[in-house]
Amino acid sequence: MIYTVTFSPCLDYAVWVEELKPGQVNRVEKENMLPGGKGINVSIVLNNLGFESTALGFIAGFTGREIEKQIKASGCHSDFINIEKGNSRINIKLKSKEETDINGIGPIIEAAHMNQLFDQLDQLKQEDILVLAGSIPSCVSTTIYCDIMERVQSKKVRVVVDATKKLLVNVLEKKPFLIKPNHHELGEIFDVELKENEEIIYYAKKLQEKGARNVLISMAGDGAIFLSENGDILASKAPKGQVVNSVGAGDSMVAGFLAGYLEQMGYKNTTNLYQYAFKMGVATGSASAFSNQLARKEEVFKLLKMI
Ligand SMILES: Nc1ncnc2c1ncn2[C@@H]1O[C@H](COP(=O)(O)OP(=O)(O)OP(=O)(O)O)[C@@H](O)[C@H]1O
Ligand SMILES: O=P(O)(O)OC[C@@]1(O)O[C@H](CO)[C@@H](O)[C@@H]1O
C-alpha cells in the first residue's frame, strides 16, 4: 500500500488575471478551487494512474471538510486527523504573465494530533511506500520527517521525501528511497545558484553521498535529472506543450515515478526499472503542467511517447 502524508493540506484557489495591476482591483478571467498540498496531489495523480493510496495528514475547519469531500469525490482513500481549532489553508495560485503562489499558514498541530499520526504509521506493513511531502507548520520540528522515518525503519518501508531545506537534509541519514527537490531547492541547500546540468549533478551526488538512494531533480520546463542507486545518471528534456497550470507538476512527477516503478516491479522487470520510472515521472509532471487539473492517464501516456 502507498500512504501519503500532508502536514498542511489546502484548497488551491487558482485565478487567471491577464495583466496584474498591484495596488488596484483586479478582476479574474477564470478561477478554480481544488484540494491540494503535495502529498494529496501525489495521491490524486496515483489514483488517476490506477494506483491506490491513502492520503494521511491534518485537516481543520470548513476548508478541511471541503478538502476531504473533494478528495473522496475523486475516488482517493483518505484518513485525515481532524484539528479542532482553525482552518486548513487556502493557497492562492495567481496566473498572469508570471505564476505567483501565496501559501497560507494553516492550523496548529499539537502533540496529541501528532501521536494520532504516529499511531496510524504504526499500522504500516513491510514494503509499504510512504510519501512525506510538503511544508510543515512552524510549530513542528524540522526533524519530523526524520522522526517518522525512524518510526517505520524496522519495516523496510520505502520512503519518498519531497521537502525543502532542513526538513529534507535531516532525513538523508535515514536513507530515503527517493527525494525530489527542484534545482532551485537543491541550490538553496548548498547556498549556490544552479544552472548547468553538470553543476546540478555534482550537488545531487552530494545528497546521494549523504544517504538518499535515488535523487530526482526537477527543472520545470527544462526537464529533469535522475541519479539512481545503481550509479546511473539520466537526463531528460520536458516535452513541449502549452503550459496551463504547473501547480503540482512536481508532485505529479513523484506520482508518475512511483507508478512507473511499481508497474515494472509488477512485471518483475528490473532491467529498465529506473529508466522507465524516470520517463513516467517526466511525462506525468508535464501532463499536469499542460492541463487545468492534475495529470490524467491518457495524457501521460501520450507524452511518454515523446520522451
Ligand atoms: N513549463 C513546463 N513545460 C513542460 N514540462 C513542465 C513544465 N513545468 C513542469 N514540467 C514538468 O513537471 C516536472 C516537475 O516540475 P517542477 O520542476 O516545476 O516541479 P516543482 O518545482 O516541484 O513544482 P510544484 O512544487 O509546483 O509541484 C518537470 O520536470 C517537467 O517534467
Ligand atoms: O506550502 P507547501 O506545503 O510547501 O506547498 C503547498 C503547495 O504549494 O504545494 C502544492 C504544489 O506542489 C500545492 O497544491 C500547494 O498549494
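The end C-alpha atoms of residues 17-290 lie 18 Å apart, and the span is 38% helix and 21% strand. Helices here are DSSP runs of H or I with at least four residues, strands are runs of E with at least two, and both are numbered from the N terminus. That span comes from UniProt, where an unreviewed entry gives it the feature "domain: Carbohydrate kinase PfkB". UniProt positions are in the numbering used here, feature names are shortened, and annotations may be inferred rather than shown by experiment.

Some housekeeping. This is a predicted model, in which local features need pLDDT of at least 70 and side-chain atom pairs count only at pLDDT 80 or more, while totals for chains, interfaces and linings use all residues. Residues are numbered from 1 along each chain as its sequence is written, and chains are lettered from A and ligands numbered from 1 in the order in which they are written.

Now the ligands. Ligand 1 has 20 residues around it, and Ser218, Gly221, Ala238, Gly250 and Gly285 come nearest. To be near, a residue must have its C-beta atom, placed from the backbone, within 6 Å. Helix 8 (249-266) and helix 9 (273-289) each supply at least two residues of this shell. By class, the shell has 10 nonpolar, nine polar and one charged residues. Nonpolar covers Ala, Val, Leu, Ile, Met, Phe, Trp, Tyr, Cys and Pro; charged covers Asp, Glu, Lys and Arg; the others, Gly among them, are polar.

Ligand 2 has 16 residues around it, with Gly36, Asn91, Asn103, Gly134 and Ser135 coming nearest. Its shell takes at least two residues from each of strand 2 (10-16), helix 1 (38-48) and helix 8. By class, there are two nonpolar, 10 polar and four charged residues.

Next, how are these helices packed? Two packed helices are described by the angle between their axes and the distance between the axes. Axes are lines fitted to C-alpha atoms, for helices over the stretch in contact, and angles run from 0 to 180 degrees between N-to-C directions.

Helix 8 and helix 9 pack at about 145°, with axes 7 Å apart. The contact of helix 8 with helix 9 has 15 nonpolar, nine polar and one charged residues.

The axes of helix 1 and helix 8 come within 8 Å and cross at roughly 45°.

Lys279, Met280, Ala283, Thr284, Ser286 and Ala287 in helix 9 meet Glu299, Val300, Leu303 and Leu304 in helix 10, contact meaning C-beta atoms, placed from the backbone, within 7 Å. By class, that is six nonpolar, two polar and two charged residues.

Definitions and conventions:
Two residues are in contact if their C-beta atoms, placed from the backbone, lie within 7 Å.
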